[in-house]
Amino acid sequence: MGLTIAEKIIKNHLVAGEMVRGTEIGLRIDQTLTQDATGTMAYLEFEAMGLDRVQTELSVAYIDHNTLQCGFENADDHEYIRSVAEKYGIRFSRPGNGICHQVHLERFGIPGKTLIGSDSHTPTGGGLGMLSFGAGGLDVAVAMGGGAYYITMPKMYRINLKGCLTDFVSAKDIALEALRLLTVKGGVGAIVEWGGEGVQKLSVQERATITNMGAELGATTSIFPSDEMTRKFMAAQGREADYVPLLADEDAVYDKILEIDLDTLRPLVACPHMPDRVKTAKELEGIKVDQVCIGSCTNSSLPDMLKVAALLKGKTVAPGVSLSISPGSRQVLSMLVETGALNDMIGAGARILECACGPCIGMGFSPRSGGVSLRTFNRNFEGRSGTADAKVYLVSPETAVAAALTGVITDPRVLGSVPSITLPETYSIDDSGVLLPASLEDAKNIEVVRGPNIGKCPIGSAPEDVMQTEVVLKVEDDITTDHIMPAGAKILPFRSNIPYLSRFCFAAVDPMFAEHAKATENGIIIGGANYGQGSSREHAALVPLYLGIRAVVAKSFSRIHMANLINAGILPLIFKNEADYDLIAKGDRPILSNVREGLIGGEMYLTLGENKISLVCRFTKRQRDILLAGGLLPYTKNQKEKG
């Protein structure tokens with residue numbers, strides 16, 4: 001029996017378990033990345049492990065999220081991360097150098113390698129043939145220390161691309177079609193592998209757009225073959241020596257196979273407030289648009305930017321529309337300058353933003369109240385833009401330009417002929433924006449800089465066997481990490497200050513949540529299906545831990561958030577019978593029993609009056625041991641003490 005692309009990489013990196021679907025495996029990790037919104041906490045956790053140096057082949061700390069410096073907080077975090085990176089052997093990508101996923105794709109990604117990052121869109125690396133996972137900061141810290149990364153051995157899905165993209169239809173439309181077919185829950189527990197004749201015509205940057213959006217499917221990760229197109233991209237980046245061909249075996253076995261016909265695909269739009277609410281641009285034509293944002297880690301590559309510039313050349317943005325463009329990296333920006341494409345953007349009336357995440361995580365450029373914003377980003381969760389009542393649509397760069405020029409949602413095929421763009425044989429290479437760490441000897445004299453905003457990581461405690469609890473909050477299906485722990489310019493600067501950050505936990509759902517949870521002993525949260533989808537931010541687990549939450553009981557969990565809850569020492573429990581969700585209300589005080597035995601035996605109970613509700617504990621032995629210890633940090637400390 002042959003192997004898929006992902007199975008080949010897993011086999012070469014397997015350090016624990018067996019490649020059996022549904023069982024836990026441990027993988028050796030070659031590379032890690034962090035960004036500044038999650039990186040500060042990850043490095044605090046790494047420091048807590050007491051190691052002298054990272055053990056990976058490559059670790060990179062990127063500054064790309066919290067670049068809006070309205071006070072000292074973000075600058076303090078940046079200096080903390082820079083000094084940690086210098087001391088512990090980590091490369092440091094300076095503010096302005098670009099978005100982590102775009103820069104990593106250009107300068108560091110290697111086919112066949114493993115990568116985990118403290119950002120849910122780390123699977124972008126799959127466009128280059130890497131096995132790349134989004135993870136919580138603590139998992140990244142453990143990997144930097146040489147530890148394995150543990151996941152459940154995923155199912156293997158394959159999506160075959162048939163035919164060829166037509167004019168004004170692009171990779172973003174492929175990603176949106178996959179979301180239409182599978183939904184935001186459709187990839188849970190699976191790796192999505194892309195194949196078929198249509199793949200051969202997609203550039204690495206187009207592939208990366210698709211793997212980036214795979215995070216919205218709930219997939220463990222997504223991956224493309226490493227082929228001649230990959231070799232050309234790496235050669236153009238001056239890194240052909242790192243190229244490795246990697247294809248699936250012809251007799252590889254997949255759990256599900258889908259097909260997308262590129263010949264019939266049309267420009268698509270994801271409607272508010274979920275990436276899988278997909279319609280054709282034609283169906284939505286005429287909706288007035290207030291704002292258009294082009295960029296983010298999904299669509300900020302040089303090909304995307306050159307297409308946008310060519311479509312804007314000689315034209316003017318419609319009155320009443322504000323257009324922002326965020327190049328994905330300093331390399332992209334410098335080449336826009338060299339080719340004159342930047343002048344075409346500026347001449348059309350676009351506002352050029354920093355090479356950073358920016359509006360995607362509510363860090364500036366928020367829409368007006370009640371406004372309609374078309375974005376080439378990957379998420380359109382309610383309130384994520386920084387404006388609570390904004391309506392955010394997800395589109396391709398072509399559809400974004402069409403709306404910017406007409407002032408309404410428009411099928412971009414009305415723009416006429418597709419302008420021709422030529423990708424360079426070689427890219428402008430200047431790695432001066434990435435600082436190298438000190439030598440091991442020099443690192444001994446480096447002092448880590450800690451400003452007043454740098455706090456400590458909360459640490460969980462071992463659970464009691466019987467707990468009198470209180471339901472602090474009850475929520476519906478598809479609660480995202482943006483609901484739990486919002487992003488945005490007002491909140492992100494305090495990611496390293498858990499006590500202050502806790503004020504905003506679930507604020508959009510229940511403004512009194514933090515105050516109530518803090519005053520409650522053994523608080524629990526009741527959730528619906530797909531609880532915790534979205535970002536990898538472990539703050540969505542660490543902040544509830546700080547507020548005294550001991551368990552979350554839900555119909556189902558997203559992969560990364562469930563792992564983060566376990567790492568924090570919060571029990572993620574699943575209703576054995578989903579109908580029991582209706583038996584519990586906010587303010588109830590059920591008894592959680594059989595906790596320690598249930599972690600081993602697989603079942604706990606919530607008793608409320610005459611109702612005894614069964615809860616399933618779907619944990620591996622390692623996860624049980626982590627929860628019994630009170631979280632991954634206490635568990636790691638115990639393992640270290642045992643030798």
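Modeller: Buried means under 20% relative accessible area, exposed means over 50%, and partly exposed lies in between (1.4 Å probe, protein chains only). Helices (H or I, at least four residues) and strands (E, at least two) are DSSP runs, numbered from the N terminus. The model is predicted: local features need pLDDT of at least 70, side-chain atom pairs count only at pLDDT 80 or more, and totals for chains, interfaces and linings use all residues. Residues are numbered from 1 along each chain as its sequence is written, and side-chain values use heavy atoms, with hydrogens and water left out.

Biologist: How many of the 10 residues of helix H12 are buried?

Modeller: H12 spans residues 397-406 and is mostly covered. The buried set runs through Pro397, Glu398, Thr399, Ala400, Val401, Ala402, Ala403, Ala404 and Leu405. Of the 10 residues in H12, the buried count is 9.

Biologist: Which elements do the buried residues of H12 pack against?

Modeller: Contact here means heavy atoms within 4.5 Å. By that test, the partners of the buried H12 residues include one helix, H9. The strands are E13 (268-270), E15, E16 and E18 (372-375).

Biologist: Which residue follows H12, and what is its phi?

Modeller: H12 ends at residue 406. Gly407 comes next, and its phi is positive. The value is near 85°.

Biologist: What is the hand of the β-α-β unit made by E15, helix H9 and E16?

Modeller: Two strands pair if DSSP finds at least two bridges between them. E15 (residues 291-294) and E16 (residues 322-325) pair in the parallel sense over 4 bridges, and Cys293 stands opposite Ser324. A crossover is right-handed if, with the strands pointing away from the viewer, the path from the first strand over the helix to the second runs clockwise. With H9 (residues 302-312) as its helix, this unit is right-handed.

Biologist: In E17, which residue is the bridge partner of Ile325?

Modeller: E16 also pairs with strand E17 (residues 351-352). That pairing is parallel, over 2 bridges. The bridge partner of Ile325 is Ile352.

Biologist: Is Gln291 buried or exposed?

Modeller: Gln291 is found in strand E15. Leaving aside neighbours within four places in sequence, Gln291 touches Ser322, Phe365, Ser366, Pro367, Val372, Ser373, Leu374 and Arg375. Its relative accessibility is 5%, so Gln291 counts as buried.

Biologist: Which residues stand opposite Arg158 in E10 and E12?

Modeller: E9 (residues 155-162) pairs with E10 (residues 190-195) in the parallel sense over 6 bridges. From E9 the chain crosses through helix H6 (residues 171-182) to E10, in a right-handed β-α-β crossover. E9 and E12 likewise pair in the parallel sense over 6 bridges. The partner of Arg158 in E10 is Glu193, and in E12 it is Ile257.

Biologist: How many residues apart are Arg21 and Asp255?

Modeller: A salt bridge is a side-chain nitrogen of Lys or Arg within 4 Å of a carboxyl oxygen of Asp or Glu. Arg21 and Asp255 meet in one, at 2.9 Å from N to O. Arg21 lies in the loop between strands E1 (14-16) and E2 (24-27), and Asp255 in the loop between helix H8 (228-236) and strand E12 (256-261). The pair links distant parts of the chain, at a separation of 234 residues.

Biologist: What separates Arg82 and Glu79 in helix H3?

Modeller: Their side chains form a salt bridge, 2.8 Å from N to O. Arg82 is partly exposed at 25%, and Glu79 is partly exposed at 29%. Because they sit 3 residues apart in H3 (residues 72-88), the separation is about one helical turn.

Biologist: Lys621: buried or exposed?

Modeller: Lys621 forms a salt bridge with Asp625, with the closest N and O atoms 2.9 Å apart. The two are 4 residues apart in helix H20 (residues 621-629). Asp625 is partly exposed at 26%. At 55% relative accessibility, Lys621 counts as exposed.

Biologist: How many salt bridges does a search of the whole structure find?

Modeller: The pairs above are among them. The total is 31.

Biologist: How far from Cys297 is the nearest cysteine sulfur?

Modeller: A disulfide is a pair of cysteine sulfur atoms within 2.5 Å. The structure holds 0 disulfides. Cys297 is in none, and the nearest cysteine sulfur, that of Cys360, lies at 6.0 Å.
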